[in-house]
Amino acid sequence: MFIRSLFESALKTNDSLEFAVITGCLRISKESIFTGLNNLKIISVLSRDYAEYFGFTPDEVEELLKYYGLESSKAEVKKWYDGYLFGETEVYNPWSVLNYADENAGFPKPYWSNTSSNRIVRELVERADSTVKCEIENLIAGGTIIKPVHEEITYEDIHTTQDNLWNFLFFTGYLKMVETDFKGDDAYLTLTIPNDEIRYIYRYTIKSWFEQKVKISDMHPLYQAVLTKDTENMEIFIKRMLRESIGFFDTEESFYHGFMLGLLKPLQEYEVLSNFASGEGRSDIILKPLDELQPAVILEFKNVKKFSLIENGCKEALAQIEEKHYDAELLEEGYEKILKYGICFCKKSCKVRIRL
């Protein structure tokens, strides 16, 4: 009631007011708190009017970088902070560009992620079914999705449908329009992630979500299988977690490594070592028991593009453990029981083999 009265008094019945500008992510709802307020002109991300004022244009960024002596960073700044499209005008994120120039740190940072909670991305991830998870993976890999656009949605409508949530991500800058198509009376947008800064937000949000998921999941069946050479149940458990996760398949090797590290980190009574230097190289993961009578574990990972190659991937991983002598450090420390696993991944499946 207070907000409604405030805006009606300030904007509708104020003889001293020539015009006013209200900014926000979504359209002003003329119902609820804005009842009685009318004659509003809506300028959205789809509008051509005033488009150049929503951010920095390429020419403005070039001039700014030149002023700060950062001309050599032009390509990097474009990759991280460009990509927004208002109407038909390309713009950069002004907050991030200004912070980048001001800090002059020499490397990009996700400045925008520090200005908000990114709650809407978390809600997308937490509510995602298998279809939405595949769409998120496609976007992170640089792909596109096609969704109907609804400019009239308000905050109350966000969770009414999945399409409304995608719309909110678009109108708040977490997605950008590539092209528009019309099917009858409905407009459809081809959407993608605008730049590396926003891609980082998706990645970080997914990583945090997965870490919380592992904390509340019963990981004992996996740990029991690893320590008792039960490759069949290892496969079953890892496959299930892969299918419930959201992957970064644009960087497959680092994704699978991080995925397995996340699963194994909570293992009690073991030191979990990543990229541990031993022998003639670095093994992916080593599980070193605090009790020397328990088995130590070496895990080496491979990934392939075709399911028909997955068995060979396991063999290559096991061969690498032997050829690079990844067990050298463990043997020198006196561990007598060492389990060696070769695990090969293909999309959301895997095969587990052990050196007997």
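Modeller: Buried means under 20% relative accessible area, exposed means over 50%, and partly exposed is in between (1.4 Å probe, protein chains only). This is a predicted model: local features need pLDDT of at least 70, side-chain atom pairs count only at pLDDT 80 or more, and totals for chains, interfaces and linings use all residues. Residues are numbered from 1 along each chain as its sequence is written, and side-chain values use heavy atoms, with hydrogens and water left out.

Colleague: OK. Which residues touch the most other members of the largest nonpolar core?

Modeller: Tyr202, Leu222, Ile238, Met260, Tyr341 and Ile343, out of 71 residues in that core. A nonpolar core here is a set of buried Ala, Val, Leu, Ile, Met, Phe, Trp, Tyr and Cys residues joined through side-chain atoms within 4.5 Å.

Colleague: What is Ile343 in contact with, leaving aside neighbours within four places in sequence?

Modeller: Its partners include Met234, Ile238, Met260, Leu299, Phe301 and Val352. Glu300, Lys302 and Lys351 are also among them. Contact means heavy atoms within 4.5 Å.

Colleague: Switching to charges. How many salt bridges by your rule?

Modeller: The count comes to 19. The rule wants a side-chain nitrogen of Lys or Arg within 4 Å of a carboxyl oxygen of Asp or Glu.

Colleague: What does Glu90 pair with?

Modeller: Lys78, at 3.1 Å from N to O. That pair links distant parts of the chain: Glu90 sits in strand β2 (residues 89–91) and Lys78 in helix α3 (residues 74–81), 12 residues apart. Helices (H or I, at least four residues) and strands (E, at least two) are DSSP runs, numbered from the N terminus.

Colleague: Is Glu90 buried or partly exposed?

Modeller: Partly exposed, at 29% relative accessible area. Lys78 is partly exposed too, at 42%.

Colleague: And which residue does Lys109 bridge to?

Modeller: Glu103, with the closest N and O atoms 3.0 Å apart. Lys109 is partly exposed because its relative accessible area is 29%. For Glu103 the value is 38%, so Glu103 is partly exposed as well.

Colleague: Where do Lys207 and Glu211 lie?

Modeller: Both are in helix α8 (residues 196–216), four residues apart, about one turn of the helix. Lys207 is partly exposed at 47%, and Glu211 at 38%.

Colleague: Which residues do shared partners join into one network?

Modeller: Glu235, Lys239, Glu311 and Arg353, through salt bridges.
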